[in-house]
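Student: Could you take me through one part of this model closely, namely the nonpolar core and the helix packing beside it? I would like the terms spelled out as you go.

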Amino acid sequence: MITPYLISLLLTSFIIDSTSEEIISPQSTLNQHAQQLNKEQLDEETVDPLKITSGIVTYGIEKETLSYYHCGPLPDNPTLTELVLLHGAAFSKEDWKTSGILNMLCEINNEEDEGNLSITALDLPVKADGIQLSNAFDALSSNNLLSGRAVTIVSPSASGKAIVSLGDMPELLPKILKAWIPVASGAVMGASESTLQSYKVAKIPILAIHGNQDSGGKKVTDKLKSVVNAKGIELSGRHPVYLDSPEEFVQEVMEFLDEEGL
């Protein structure tokens, strides 16, 4: 995996790449057409792991649309590190891009790291529960954006609801979640100890992050440290601390992935 020195070098020298934008009609026939185009583009032999692509997939019984950003190699490598980024109630997948975090993570796909990091930022609604997250996971896997193997998920604030609800779904938890990085995810405070213990039983490592100006986020971190022996990190910033300290956030995430062999 990438060394802390290389992470630091990348964080101070990353280049914001151009992205490809595509406006998709909400009509179902056009959604299906766009979905097929996305898959065909991803199936090309040569994929630039530094290029950020965008698109949509449909998921669930009601065929809801889910927009995404993605960068990284195709998911046909069994040693691929897959990172999925959710968002808080006041934000969207766009914030991962405008903050520079998505670009920094994509830049880590270089010769030293052998292009082994796949990043997908989603506009999954914060009201989504574990079932809806599972449906989205299956759709992304079917469209060759995810491998179908369990992934590491970052859940800022309200998006933690979907991850916490997986704790009561033992058949889905290990299927979807390989590791969890909650950022002041308030749903943790309403979860029972038995629900949270399910992550420990499933041997899912947790990195809890909060800002030094966010007392509620600190309570989330403290609870996860106490109940499931999570690793806790405090960064400089407010509730959306990943936006206040993006470089430090990326470094902590990458070091966690390295330490856990993810």
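Tutor: Let us begin with the core, where Ile153, Trp180, Tyr199 and Leu224 touch the most other members among the 40 residues of the largest nonpolar core. A nonpolar core here is a set of buried Ala, Val, Leu, Ile, Met, Phe, Trp, Tyr and Cys residues joined through side-chain atoms within 4.5 Å, and buried means under 20% relative accessible area, with exposed over 50% and partly exposed in between (1.4 Å probe, protein chains only). Helix α5 (residues 130-142) supplies the largest share of this core, five residues; helices (H or I, at least four residues) and strands (E, at least two) are DSSP runs numbered from the N terminus. This is a predicted model, in which local features need pLDDT of at least 70 and side-chain atom pairs count only at pLDDT 80 or more, while totals for chains, interfaces and linings use all residues. Residues are numbered from 1 along each chain as its sequence is written, and side-chain values use heavy atoms, with hydrogens and water left out.

A second, separate core of 32 residues includes Ile52, Leu83, Leu102 and Cys106.

Turning to the helices, α8 (residues 193-201) and α9 (residues 215-228) pack at an angle of about 70 degrees, and their axes are 9 Å apart. The axes are lines fitted to C-alpha atoms, for helices over the stretch in contact, and angles run from 0 to 180 degrees between N-to-C directions. α8 and α9 are therefore roughly perpendicular to each other, a term that covers angles of 65 to 115 degrees. On the α8 side the contact is made by Glu193, Leu196, Gln197 and Lys200, and on the α9 side by Lys223, Leu224, Val227 and Val228. These residues divide into four nonpolar, one polar and three charged, where Ala, Val, Leu, Ile, Met, Phe, Trp, Tyr, Cys and Pro count as nonpolar, Asp, Glu, Lys and Arg as charged, and the others, Gly among them, as polar.

Finally, the loop between α5 and β5 (151-156) holds Leu145, which counts as buried at 1% relative accessibility. The C-alpha atoms of Leu145 and His70 are separated by 7.7 Å, although these residues are 75 residues apart along the chain. Asn144 lies in the loop between α5 and β5 too, and its phi is near 65 degrees, a positive value in a residue other than glycine.

Note on methods:
Angles under 35 degrees count as roughly parallel, over 145 as roughly antiparallel, 65 to 115 as roughly perpendicular and the rest as oblique. Contact means heavy atoms within 4.5 Å.
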